[in-house]
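Here are a few friendly notes to read alongside the model.

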Amino acid sequence: VFDSLVGLSYQPKAKLLSWVVSIVLVLCYSTLVDVVSKRKLFIFLSGFFGLVFLAVGACLAYAPFGFADSVQGPHRLFGWFIYVIIESLGSLMVSLFWSFVTSTTSAASAKKGYPLIIAGSQSGALLGSFCSWHSQRLGNATLFCFGAGALALIAPMVFWYSRLVSTHEATPAVAHHEKHKTGMWEGLRILLTRPYVGAILIVSTLYEVITTILEFEMKV
């Protein structure tokens, strides 16, 4: 979609833009974590991104700033918006998911459950790639609406999961943990003061740098 509206040569700049936006959103997210429970935040974010995806699908199908305008260029702001919103979805929802699951799962269950979660994510990647492969037949607008529907399923799944965990596995950390407010800059403070967390940042950053370069070269 970004290639059709803006042009693939502008993707590195879009990556930089999404990086800046993600930092701002993560800071806002850090504030919301202190105010709202993870379950409510999960439902709110999935609903928000679901509505945005639905609107994007509708605009791509019917509005003149969608595929109806065949002229590429950096002036197509809608293409930049789509790219940034998808990158933000990956930044916020994935981290929130792992935070939510970790806070409600014991170490014993994690050893058995986490590999299944990773396997499920790979299955989702295969399904998404398969749908994208048939995008000319299905239509990109339809795929965005499909994504909105998938996001809409998160709310009932989180509700069901919460009830299941509270019934079968109330961990001490969940049952007796008193929530303390940490502030917007707590994550940055931890990165600078905890070498272990800083090392995780370095490893994940190097990995993302490599994959981003290779991904861009393959697309070009």
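1. A word on handedness to begin: a crossing is called left-handed if the near helix is turned anticlockwise from the far one by less than a right angle, and right-handed if clockwise. Helices are DSSP runs of H or I with at least four residues, strands are runs of E with at least two, and both are numbered from the N terminus. By that convention, the crossing of helix 3 and helix 7 is left-handed.

2. Please keep in mind that this is a predicted model, in which local features need pLDDT of at least 70, side-chain atom pairs count only at pLDDT 80 or more, and totals for chains, interfaces and linings use all residues. Residues are numbered from 1 along each chain as its sequence is written, and side-chain values use heavy atoms, leaving out hydrogens and water.

3. Now the pair itself. The axes (lines fitted to C-alpha atoms over the stretch in contact, with angles from 0 to 180 degrees between N-to-C directions) of helix 3, residues 38–62, and helix 7, residues 140–152, come within 8 Å and cross at roughly 165 degrees.

4. Which residues of helix 3 meet helix 7? Among them are Phe49, Gly50, Phe53 and Gly57, and the helix 7 side includes Phe144, Cys145 and Gly147 (contact means heavy atoms within 4.5 Å).

5. For the whole chain, you will find 11 helices and 0 strands. The C-alpha trace spans about 60 × 35 × 30 Å along its principal axes.

6. Of the 220 residues, 27% count as buried, meaning under 20% relative accessible area with a 1.4 Å probe, protein chains only. Among contacts between residues at least 6 apart in sequence, 81% join residues at least 24 apart.

Terms used: Buried < 20%, exposed > 50% of the residue type's maximum accessible area, 1.4 Å probe, protein only.
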